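Trainee: I have a model open and I want to learn how to read it. Can we go through its features one by one?

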Amino acid sequence: MSAMDFFVGITGASGVKLGVRLVGELASRGTVHLSLTPQARSIASGEGVDLDFPRGVRVWSMEALDAPVSSGSFRLAGTVIIPCSLGTLGRIAAGISSNLIERAADVALKERWPLVLVPRETPLNLIHLENMAALARAGAVILPPVLTYYHGPRCIDDMEAFILGKVLDHLGLDHTLFRRWGE
Ligand SMILES: Cc1cc2nc3c(=O)[nH]c(=O)nc-3n(C[C@H](O)[C@H](O)[C@H](O)COP(=O)(O)O)c2cc1C
């Protein structure tokens, strides 16, 4: 492992920009291994999000199940699926591991390093909730991108920064993305 390696999976939920911004944050702190689903690419196009990533980011095909991050012997400082479609979340909860993103999440759970899932959907049905409960019991952090208020956001970028800051908190990384309560 280099100083710090991270895995980021971007899946086909609205809010692909959150994933792109997180990659930028993590790339300044370590090596980012990244994979996107075809549906994530399609939604990025629909939402006008450029899939431009900083130099050094290692982009893996979703089919690359032989990538280093597919193995628990390749240690990571954290794995984040952002945004996480409820389809991908369900497949992770069921242990399907049929692509690199699902496998990376499975590895994070078995190795017990941080796994943060950012599911974007509303309302949630019982299947979504039960899958999230199973994943939380298995050790994942379920971190939905909710609306935020107390840090004084003025635009959606500020709310995104709050969510990204919460992800970094759960990876144990310092940041100044939002003003903390009491500061
Ligand atoms: C424009 C668009 C927006 C979508 N937004 C969401 C969403 O916010 N959350 C979600 O769980 N699925 C959403 N979906 C459905 C997923 O893309 C779909 O379930 C897909 O199979 C997920 O595939 P993936 O997990 O391999 O990326 C959306 C689909 C489209 C076409």
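Trainee: Where do I start with the helices α1 and α6, and at what angle do their axes cross?

Mentor: Start with the distance, then the angle. This is a predicted model. Helix α1 covers residues 16-27 and helix α6 covers residues 156-170. Their axes come within 10 Å and cross at roughly 55 degrees. That makes α1 oblique to α6, because an angle counts as roughly perpendicular from 65 to 115 degrees and as roughly parallel under 35. The crossing is right-handed.

Trainee: Which residues of α1 and α6 meet?

Mentor: List each side in turn. From α1 come Lys17, Leu18, Arg21, Leu22 and Glu25. From α6 come Glu160, Ile163, Leu164, Val167 and Leu168. Then sort them by class. The contact of α1 with α6 has six nonpolar residues, four charged and no polar ones.

Trainee: Now α3 and α4. How do their axes cross?

Mentor: The axes of α3 and helix α4, residues 100-111, come within 9 Å and cross at roughly 50 degrees. That makes α3 oblique to α4. The crossing is right-handed. On the α3 side, Thr88, Arg91 and Ile92 make the contact. On the α4 side, Ile101, Glu102, Ala105 and Asp106 do. By class, three residues of this contact are nonpolar, one is polar and three are charged.

Trainee: Which residues of α3 are buried?

Mentor: Burial is read by counting neighbours. The buried residues of α3 are Thr88, Leu89, Arg91, Ile92 and Ala93. They pack against β4, α4, β5 and α5.

Trainee: What should I look for just after α3?

Mentor: Check the backbone angles. Gly95 takes a positive phi of about 70 degrees there.

Trainee: Last, the ligand. How many residues surround the ligand, and which are the closest?

Mentor: Read the shell as a list first. There are 15 residues around the ligand. The closest are Gly12, Ala13, Thr37, Ser85 and Thr88. Thr88 is also one of the buried residues of α3.

Trainee: Which helix gives the most to the shell?

Mentor: α2 and α3 each supply at least two residues. α2 gives the most, with four. By class, the shell has nine polar residues, four nonpolar and two charged.

Terms used. Residues numbered from 1 in each chain as written. Predicted model: local features only at pLDDT ≥ 70, side-chain atom pairs only at ≥ 80, totals over all residues. Near = placed C-beta within 6 Å. Nonpolar A, V, L, I, M, F, W, Y, C, P; charged D, E, K, R; others polar. Axes fitted to C-alpha atoms, helices over the stretch in contact; angles between N-to-C directions. Parallel < 35°, antiparallel > 145°, perpendicular 65-115°, else oblique. Left-handed = near helix turned anticlockwise from the far one by under 90°. Contact = placed C-beta atoms within 7 Å. Buried ≥ 20, exposed ≤ 12 C-beta atoms within 10 Å, placed from the backbone.
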